[in-house]
Amino acid sequence: MPLNRFATAIVLMSLMICCATAAAAAEANSGTSKDVVFIYLVPSDRSVSDTYPAKITFAAKHFQSWLGQKLGGNTFRLRYPVVRVVHSDKPAKWFSSVERYSGFSAFYRNTLDELTRLGAAKLNDPQARFMVYVDADHACGQSGAGGNGVAVVSANDLRGLSGEKIVPACDRANGAEIAGRCRWIGGMGHELLHTLGLVHPDHSPACQTSQCRSEALMMQGYITYPKAILLEEEGSLLNRSLFVSARDTDSPIDCSLP
């Protein structure tokens, strides 16, 4: 090939690579791809943390890699930047209020209403699943939850990822309100997998022993993450999800390290 034609080919190839890279970046941020979106929701009386977005990003990537190992290389796709910071004009106490809802799900339902009002997330979005960290505490008798495409967790999850002191929701801490970053990544993973269609396997014939219930991520295994397990039936369901595909990820590092 003559030199000038060779040089032209190189230029064209470079342009194609640049265009392909730009297209991939545009897809990742336009909402046209099927992604898992992490949201850091900041109430009006809380300041944006300098560290929380980085801690959430670490957790997201760690669980993405963990799941990839469990599913033979298939895992979810993250949008970039991984964490979207969303500001609310509601104070932190509003999220646990019982004026509109009561019971276990009040914190989740209040948060979902606010996300919908802000246009930040919606149930069963065909293009995204949402993992939402709210810098607000749920009340005693309430909890984070996940399902129908949106998972919500509260301020203790942010504290747990950041090595800060856990604040019990009731007078005494329960068995889940423990320190250790791994436990809080496991808890996030548990709720996230609810958004991908998994349920608690307490009625599954495959998980009727105390050992299974203590090890299964979708039962109590989130407490001992990353040693938690996925049941074979759960892996099969996830591998059929439109939000799970073959993806190269780094091997997860020790999540207990600061």
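**Close-up views of disulfides and salt bridges**

Arg46 is partly exposed, with a relative accessible area of 29%, in a model that is predicted.

**View A. The salt bridge of Asp135 and Arg46.** Arg46 pairs with Asp135 in a salt bridge whose closest N and O atoms are 3.0 Å apart. The two residues come from distant parts of the chain, with Asp135 in the loop between S4 and S5 and Arg46 in the loop between S1 and helix H2 (52-70), 89 residues apart. Asp135, at a relative accessible area of 8%, is buried.

**View B. The salt bridge of Arg79 and Asp35.** Among the 9 salt bridges that the structure holds, one brings together the side chains of Arg79 and Asp35, at 2.9 Å from N to O. Because Arg79 belongs to strand S3 (residues 78-87) and Asp35 to strand S1 (residues 35-42), this pair ties together parts that are 44 residues apart in sequence. Both Arg79 and Asp35 are buried.

**View C. A network of salt bridges around Asp89 and Lys90.** Salt bridges link Asp89, Lys90, Glu114 and Arg117 in a network. Within this group, Asp89 forms a salt bridge with Lys90, and their closest N and O atoms are 3.4 Å apart. Lys90 has a relative accessibility of 19% and counts as buried, since buried means under 20% relative accessible area.

**View D. The disulfide of Cys140 and Cys170.** The structure has 3 disulfides, and in the one formed by Cys140 and Cys170 the sulfur atoms are 1.9 Å apart. Cys140 sits in the loop between strand S4 (128-134) and strand S5 (145-147), and Cys170 in the loop between helix H4 (155-162) and helix H5 (181-195), so the pair joins parts that are 30 residues apart in sequence. The link of Cys140 and Cys170 is right-handed, with 95° about the S-S bond. Cys140 is partly exposed at 47% relative accessibility, and Cys170 is partly exposed at 34%.

**View E. The disulfide of Cys182 and Cys255.** Cys182 and Cys255 are joined by a disulfide with an S to S distance of 2.1 Å. Here helix H5, which holds Cys182, is linked to the segment after strand S7 (244-246), which holds Cys255, across 73 residues. The torsion about the S-S bond is about 115°, so this disulfide is right-handed, and both Cys182 and Cys255 are buried.

**View F. The disulfide of Cys207 and Cys212.** In the disulfide that joins Cys207 to Cys212, the S to S distance is 2.0 Å. The link of Cys207 and Cys212 is left-handed, with -110° about the S-S bond, and both cysteines are buried. Counting bonded cysteines along the chain, the disulfides follow the pattern 1-2, 3-6, 4-5.

Methods. Residues numbered from 1 in each chain as written. Predicted model: local features only at pLDDT ≥ 70, side-chain atom pairs only at ≥ 80, totals over all residues. Heavy atoms only, no water. Disulfide = S-S within 2.5 Å. Helix = DSSP H or I, 4+ residues; strand = E, 2+ residues; numbered from the N terminus. Buried < 20%, exposed > 50% of the residue type's maximum accessible area, 1.4 Å probe, protein only. Salt bridge = Lys/Arg side-chain N within 4 Å of Asp/Glu carboxyl O.
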